[in-house]
Amino acid sequence: MKKFDGRLVKLIKKVGIKKGDIVLVHLDICKSISLNKGVRNDLEYHYFSLKKAIGNNGTIVVPAFFYEYARNNRVFDVTNTPPSRKLGFFPLFMMKKRNKHRSINPISSLLAFGKHAKFIGNSSGSAFGYDSAFYKLYKLNAKMLFIGIDCRATTFVHLPEYMAGVPHVYNKYFKTSVIKNKKKINLPISGQVRYLNANVEYDSDGHTKKFEKAGLVKKEKLHSLYYIRCLKCDEVFNFLLKKLKKNFSYLLKKNPKFKKGQTPLK
């Protein structure tokens with residue numbers, strides 16, 4: 001990189017990211033881009049800033065979901081299938097890098113680089129169950145970093161939902177092939193999906209307010225109206241598990257409309 005300044009590195013450190021950290025990164029490059037005036041490759045700038053902040057012993061993780069697997073029954077090639085474009089530019093950019101490890105569940109796939117990348121990538125076929133990539137982030141005391149985007153992108157919330165056994169979702173078994181290194185993976189693949197007949201609506205826009213009110217968020221202003229935020233996976237997990245034990249619908253806009261005699265209401 002011909003030109004680099006350390007403003008983003010300083011902000012990443014100010015919200016609590018340290019050397020050796022494992023960081024799940026959610027990035028809206030379009031809202032973070034003006035921080036990097038004069039630098040030609042904004043994606044490379046953000047990647048390099050993250051690397052500088054966590055050091056050689058750190059681990060960068062990005063969402064690499066392939067929604068088309070479930071929606072269109074498309075085969076998932078762990079090594080070659082690009083993440084869905086809805087995730088933005090950064091996961092697509094990271095997919096082109098070497099020395100990556102990707103978890104095998106297509107609709108909750110994570111792409112990891114660094115010290116713990118192989119451990120995260122070598123996951124089960126469950127979206128959020130034991131030994132899933134998201135479960136491993138929790139066990140590793142990983143952190144979540146949101147750059148130019150608020151906490152509505154927190155897919156991690158489905159892990160405590162899984163553990164709490166909320167009734168508005170179930171594990172769907174998929175038979176569409178998952179391929180790695182040109183070989184079909186001989187592991188069951190399941191995804192956590194909601195009951196379509198129960199009007200289940202997640203209050204994703206409310207995540208940020210809930211987490212900030214609970215004191216789980218460290219944030220610094222990027223520029224204008226946008227922030228960089230950091231949360232610890234274990235703190236979010238414990239907070240949500242406590243809330244979900246008391247109220248299964250804590251993450252929803254309203255209680256689901258279950259009908260007696262129809263799954264999941266007996």
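How many cavities of 30 Å³ or more does the count come to? The points below take that up after a walk through the fold; please keep in mind that this is a predicted model.

1. Overall make-up. You will find 10 helices and 12 strands in the secondary structure of the chain. The radius of gyration is 19 Å, close to the 18 Å that the globule rule gives for 266 residues, so the chain is as compact as a globular protein of that length. Along its principal axes, the C-alpha trace spans about 65 × 45 × 30 Å.

2. The sheet. Seven strands form an open sheet with mixed pairing, and their order is β4-β5-β2-β1-β6-β12-β11. At its edges sit β4 (101–102) and β11 (218–223), each of which pairs on one side only. As a quick reminder, strands of a sheet pair through backbone hydrogen bonds, either parallel or antiparallel.

3. One pair to look at. Strands β2 (residues 59–63) and β5 (residues 110–114) are paired in the antiparallel sense, over 5 bridges.

4. Helix α1 (residues 7–14) lies across β6 (143–147), β11 and β12 (226–232), and runs at about 160° to β11. Helix α10 (residues 233–246) also packs on the sheet, where it touches β6 and β12. The direction of α10 makes about 75° with that of β12.

5. The largest pocket. This pocket has a volume of about 1,300 Å³. Its lining is made of 39 residues, and those closest to the centre are Tyr67, Arg71, Thr155, His158 and Arg194. Two or more lining residues come from each of β1 (22–27), α4 (68–72), α5 (89–95), α8 (158–164), β7 (169–174) and β10 (189–194). By residue class, the lining of the largest pocket has 23 nonpolar, 9 polar and 7 charged members.

6. Back to the opening question. The count comes to 1 cavity of 30 Å³ or more. About 50 Å³ of space lies in the largest cavity. Which residues line the largest cavity? They are Asn197, Ala198, Lys257, Phe258, Lys259, Gln262, Thr263, Pro264 and Leu265. This lining divides into 4 nonpolar, 3 polar and 2 charged residues.

Notes: Residues numbered from 1 in each chain as written. Predicted model: local features only at pLDDT ≥ 70, side-chain atom pairs only at ≥ 80, totals over all residues. Heavy atoms only, no water. Pairing = 2+ DSSP bridges. Helix = DSSP H or I, 4+ residues; strand = E, 2+ residues; numbered from the N terminus. Contact = heavy atoms within 4.5 Å. Axes fitted to C-alpha atoms, helices over the stretch in contact; angles between N-to-C directions. 1 Å grid on protein atoms, 1.4 Å probe; cavity = no way out; pocket = protein on both sides within 12 Å on 5 of 7 lines; lining within 4 Å. Points joined across faces, edges and corners; volume = space filled by probe spheres on them. Nonpolar A, V, L, I, M, F, W, Y, C, P; charged D, E, K, R; others polar. Rg over C-alpha atoms; globule rule 2.2 N^0.38 Å.
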